[in-house]
Amino acid sequence: MPEIILSFGFFAVAILALMGLSLSISRTDSKALETAAGTLIADQLMGRTLASLRTDSPPGSRAGFFSGEFVDPPWDSGSLVSGKTTFYYELTTNQVMDLTTAGPMGEQALSNRLMKLNVRVWWASENQEVRQGSGRLQVVTSRLISEAEVLDDPSP
Amino acid sequence: MCYIVFMLLKWNFRNPVRGVYFLSTLVISVLIGMLVIAAVFLSRGSLQASEHLTDGNEALKAAESGLRYAQSKLSANPSWRGDDNGITVQQQGLVVEEDNGNVVGIIKINGDSYSQFRIRFNWQDDAGDDADGLVDPAGRNHLDIPYVSVNNARGGSPLPVPRADGPDFSVTEVSSSPYDVPAGTVCVIVEGRSGPGLSQLDDKNLNPGEVNAAVTTRVMEAYLRVAKLPAANAAAMAAGDLLAELPDDGDKKSQVLVGSATGVPRVRSKGEVTVEGGNADDNYVSPDGEVYSRDGTLNAAPTSRDTVRTDTEDPNAAFYKLSWEDVRKSTSADTNVDAGTYVVWDDGSLHYYDMNLPEYKAFIESDPTNPGTTVTLDSDAMKYDKKKLTIKQNVFVSSTGNSDEFNLIPRGGAQVTPDDEGGAVGPIPIDELEQAVKRASSLPYTVSSPDNMGAYLDFPTADLSIVPPGSPLIIGSGTFELQFYTKPGGEATLKVYDSNRLFRTGPALNAPPDFAKIVATTVTDPDFIAANPSAPLVMSQILGSLGAGGGSPGGTGKIDLPPTVDADLTPDNLEIKFEPPKGESAILSADGSINLGSKVTGVGGSITSQRDIRLVGAGSSLEANVEDGLNLYAKGDILLSSLLPKGADKYEYKSFNMKGVIYAWGDFDARIGMEHEDVTKWGSFGLQGSLVAYGAKNQPELGDPGDGDGGDIRIKAKSVNLTFDPAYLSAFTNEVEPGPFMQTLFNVH
Amino acid sequence: MVGFSVFTLLMIVLAAALTRSQEVWRRANASNSSQVELRKAFWALDRDLKETTFETVRATTGPVSLTGFDGDAVWFLSAQDPTTGEFLRTDDGHPLWQRNILYYAVVPDQHRQLHGFDCAGGADGDGYETFCPHKVLLRKVIDNPPGAAGPVVGSSDQELLLDVSPYLTRPQGYAPSTGEPGLESVTIAAKNLIEFRASLEPNPGWNGEVSITLSAARIEEASRLIRVGSEPLDSFAQTFSFSLFPPLK
């Protein structure tokens, strides 16, 4: 009898471990794939934004990008589907400020203004990045963008 | 598994053993646990790998952020190398500090975690050679990375990019340098870092000494070059006409190719843009290119006209203005060399004559064996040895009482064209004279009322050093005479006088005489030439003095020596090589003209003159020659000729390829080919950099393009390849104008 | 007797649990394996494409091994010294092209020896083979023209291949092919892929975009449930879709 009880104990541990962890494993595995996908999507969005700025499409977007910050409303937002997951994204910008002049770094005449582009991609749900059991399902990345790098033709 | 369990049950039923139930359960549970835990580790490993992918990406983005920060700083200050000491940016999510050449920045990424970028220009060598001119940064900003950035934006020649492989990540004398960064370029190498090991980063601790966990590092390298200078936006800018003459053989490869290192390929002319000869369908090729001319047209082959965008050049639009004060040049504080004419004899000896080239020609033709003064020219700055003059540092040509030019020629002279035979007697080639006449017609002059002795032309300005007031130049004798005299105020008068009044039988003199017609009549009429054989040369000399060229410009040309004098050397046998220290320039400057009858080679060389520059015999016969890095700046005209005598009265033109700047206040003339029965081969002309004929000759200062004389660009070559690259302009000036830097190279280490 | 009955029940449940745990492990392992290959492929392409320029990048459809194209082929110029790996540059600060780099996906030959069976294959609506999850992504380094001057500063002889079809060959198992003109090295960038697709500037307004889709299958998991190589693998596919933006020129 004691033997049976002990056996049941191990049985219970094994079953609980399997039930509990298999869900966690599944979620972790999904999160791994989606995090990788989200990272690549964030990169793609950043690259496409720069490409648009280079061609200034739509017209005036380049001038607008470097003229001020876009936090609320953001510079761009939307969603796209990759595999079976819908990824939501938002791009915001901050002006880089020169501490010595207390003004924006760079000037239009020299085409050397500097902006910080922030990309946030999340996929838990449209309104939040946290999902029960999975934690934060989000990738956030930022990079400095210089005006010279998106100039199509620097010649006047 | 089920079968095993069944067999176990069956066996146990028949042979009960104590503890078998527990043991079985234990074994299977352990198996389950192992599998599940293995799966957990696998999935977490996948997640970590994904996070590592994210870390790798973040490290790359951090590195690129550092690169864009550097790009922005360089645009404001082309001399920047991380030395705006202090915190330069401090705001939510971004802090950057510069410390004597080392730059550290942090960017907030996810939640409270940061990624970091680090750049170093500092060699961290105060304990050793201290060769970088920077004080070592504070301890916390000492960077343990071997990659060192180099700013060569104002360098005249390539500069090594060292690795910090010395003690404590320092650069020493013996540190390796795997490659050089070109002149006009900044090599920026940025290390980006991201990962859990940077958890101590915050806006007060930008650079922790030790990291305690995994950090992903990516190193990114880029070359940034000057991309935009005020009004510098074309491969060639001519205040007058731009004419490219290609051979008439219809060779499909004979074309003008125009490109740009930074943006839209473009040529600009305040006059006409013309391409003659070459590929009959498409002799001007410039993908996505533009041509600006006075009337908005391109005079070229049909396909060229259809494929290149043309527009009207705004007559008031500026050219890149590089004034005499702004251009880098040597001064009297540098090594001096006496002005005059240096002649290389066939035995390699160097002979000096204290006279300008036209005077030398006349002198030596009257006294062919005169040795002048044998010199050696041996100093730290320049060394002559075996027909080769090496210039290693700045050299200033110091005017003597008799000369202000620097001339280096072989004993037999330096021919510009096959017919450029020199000599004191004999007609000048008609086509050259006609060209000179056409140019002369554009000289500013007014016509005084003629009298029965001649015609008068008054010039508002003239070079008084050639013909001082009170010492009129009277050329010719007998029935034909040209009198050229100047006044203290700078005005000059040319009197065309012919006592036989033959020229009166030509153009009517009742109307204001046209100077071109006068000259054309006098020097092409065979009876007139027979009666006055010196007339053509007289006109040529007059026009040469007035800067209108023609015949033997500035005294270049073959020197007429008797057969007993050994004079077989040609300019191709001589060489002037510029060989400055890495990253620096070697500049040859003169107040007078500089005439070089030799090859000109090397990198980092510049030639500046307050009059004309003539390189005769330049170029290379090799098909794939390394382009030389050379800058030419003249307040007068610039002439290049690559004529190569081949013997038996046959000639070739060598190819001439250059990286650098050609900037003439007057005209630019490149003779890399010629339609002539004795010319067997044309060369190609290539320039990467910038070509400007500003049209400001004879002006006291550089005003608007076309304000003065000249401004034409004339190139005769088999093919012409122009690529605009403003980085060479910036490397030639004393002060580099702020402006955007563009990326030309990108590499992830 | 009671104990025996209870234990029997316990064993049955444990057996089921063990089977389930095997499935969990198999899926995790398969997922991990496929993601490893996807990451390998991504890093290889990312590294190479970042160092080239878009104006030298070309793409076309790949070889046909079963039914439909095995995938796409992408090739471009590289300034990497094939001997030292150093990035070479011209005197005026531009990449000094040394070699052509070609990536393409292909079903290896000798499939039965490698995997124990042959994939029947099947094409999707675009004409691409999507049933066989055993494709390899090959990276070939090609000197064009063959014998072009090596990594010498000032040498600029390397030309972009105009036609890569002679190089889109099937390896014998995992042994790469040899003998193609100018071919210097072949490496397997990733194995066990379903799909490698590449397109240049697929979207207007985003100049310089190289859009890539990579997918791999959880093969061990799929092989228990379907006939791998003869049926679609959509339910078992893991996909990386990304874009790279090499410098324009």
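Biologist: In what order do the elements of chain A run from the N terminus on?

Modeller: In this predicted model, the order in chain A is α-α-β-β-β-β-β-β-β-β. The tally of its secondary structure is two helices and eight strands.

Biologist: How do you know that the peptide bond from A:S57 to A:P58 is cis?

Modeller: Its omega is near -5°. A:P58 belongs to the loop between α1 and α2 (61–67) of chain A. Chain C also has a cis peptide bond, joining C:N144 and C:P145, with omega about 0°. C:P145 is in the loop between β4 (135–142) and β5 (183–200) of chain C.

Biologist: Why is B:G489 called exposed?

Modeller: B:G489 has 10 other C-beta atoms within 10 Å, and the term exposed applies at 12 or fewer; therefore B:G489 is exposed. Its place is the loop between β30 (480–486) and β31 (492–498) of chain B.

Biologist: Is C:N192 buried or exposed, and why?

Modeller: C:N192 has 20 C-beta neighbours inside 10 Å. The cut-off for buried is 20 or more, so C:N192 is buried. Its phi is positive, about 55°, although C:N192 is not a glycine. This residue is found in strand β5 of chain C.

Biologist: How do you know that the buried residues of α4(B) line one face of the helix?

Modeller: In helix α4 (residues 357–366) of chain B, the buried residues are B:L357, B:P358, B:Y360, B:K361 and B:I364. Seen down the axis of α4(B), these buried residues fall within an arc of 160°, so they line one face. They pack against β19 (340–344), β20 (350–353), β25 (406–410) and β35 (594–596) of chain B.

Biologist: Which residues have the most contacts inside the largest nonpolar core?

Modeller: They are B:V188, B:A236, B:A664 and C:L137, in a core of 254 residues. Helix α1 (residues 2–55) of chain A supplies the largest share of this core, eleven residues. Another core, of 21 residues, lies apart from it and includes B:A39, C:F7, C:L10 and C:A28. As for B:V188, once neighbours within four places in sequence are left aside, its contacts are B:L67, B:A70, B:I119, B:S149, B:A222 and B:L224.

Biologist: Which element gives the most to the side of chain B that touches chain A?

Modeller: The contact takes 52 residues from chain B and 48 residues from chain A. On the side of chain B, α2(B) gives the most, with 29 residues. By class, this side divides into 22 nonpolar, 23 polar and seven charged residues.

Biologist: Which element gives the most to the side of chain C that touches chain A?

Modeller: Here 24 residues of chain C and 27 residues of chain A take part. The element that gives the most on the side of chain C is α1(C), with twelve residues. That side has eleven nonpolar, eleven polar and two charged residues.

Biologist: Where in chain B is confidence lowest, and where is it highest?

Modeller: Helix α5 (residues 430–441) of chain B is lowest, at a mean pLDDT of 48, and strand β24 (residues 395–398) of chain B is highest, at 96. Over residues 439–443 of chain B the pLDDT is below 50, and this stretch has twelve contacts beyond near neighbours in sequence. The pLDDT is also below 50 over residues 544–552 of chain B, a stretch with 37 such contacts. For chain B the average pLDDT is 82, with 81% of the residues scoring at least 70.

Notes. Residues are numbered from 1 along each chain as its sequence is written. Chains are lettered from A and ligands numbered from 1 in the order in which they are written. This is a predicted model: local features need pLDDT of at least 70, side-chain atom pairs count only at pLDDT 80 or more; totals for chains, interfaces and linings use all residues. A nonpolar core is a set of buried Ala, Val, Leu, Ile, Met, Phe, Trp, Tyr and Cys residues joined through C-beta atoms within 7 Å. Helices (H or I, at least four residues) and strands (E, at least two) are DSSP runs, numbered from the N terminus. Two residues are in contact if their C-beta atoms, placed from the backbone, lie within 7 Å. pLDDT is the predictor's confidence in each residue, from 0 to 100. The arc is that of the directions from the helix axis to the C-beta atoms. Ala, Val, Leu, Ile, Met, Phe, Trp, Tyr, Cys and Pro count as nonpolar, Asp, Glu, Lys and Arg as charged, and the others, Gly among them, as polar.
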